[in-house]
Amino acid sequence: MRILLSSFLALCIGIFAPQMAIADGAGTFSANCAACHAAGGNLVNPERTLSQADLKSFLANYESDHEAAIVAQVTNGKNAMPSFNGVLTASEISEVAAYVESQSSKGWG
């Protein structure tokens, strides 16, 4: 019985944890990123949106690890984008990356 319960809990965590991270990332994105990146756009530089095509073009290593590339951009900043290191926690940055990747894969629609 204990093994069955443990297996069930592990399965639930595996299924629901990514959705919870994306939901948390949506709130953090709304509070910290949407001023410049509403609906996946870019008010500062309209040529560098959060669409998958633009992320692929402008983020180093996006092809090999989408979320890690987004985490690096948010953490370190680049060009007009400021660094959020020290502003957001590592967990919040990871959640924002999961949210951005999820939305970009859907076309922000």
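In the predicted model, Asn61 is found in the loop that runs between helix 3 and helix 4, the latter spanning residues 66–76. The backbone of Asn61 has a phi near 65°, a positive value in a residue other than glycine. With a relative accessibility of 57%, Asn61 counts as exposed.

A positive phi also occurs at Ala39, where the angle is about 55° although the residue is not a glycine. Ala39 lies in the loop between helix 2, residues 34–37, and helix 3, residues 52–58. The relative accessibility of Ala39 is 66%, and the residue therefore counts as exposed.

The cysteines were examined for disulfides. A disulfide is a covalent bond between the sulfur atoms of two cysteines. The structure holds zero disulfides. For Cys33, the closest cysteine sulfur is that of Cys36, at 8.8 Å, which is too far for a bond. For Cys36, in turn, the closest cysteine sulfur belongs to Cys33, again at 8.8 Å and too far for a bond.

Cys33 counts as buried, because its relative accessibility is 10%, under the limit of 20%. Cys36 has a relative accessible area of 35% and is therefore partly exposed.

Conventions. Residues are numbered from 1 along each chain as its sequence is written. This is a predicted model: local features need pLDDT of at least 70, side-chain atom pairs count only at pLDDT 80 or more; totals for chains, interfaces and linings use all residues. Side-chain values use heavy atoms; hydrogens and water are left out. Helices (H or I, at least four residues) and strands (E, at least two) are DSSP runs, numbered from the N terminus. Buried means under 20% relative accessible area, exposed over 50%, partly exposed in between (1.4 Å probe, protein chains only). A disulfide is a pair of cysteine sulfur atoms within 2.5 Å.
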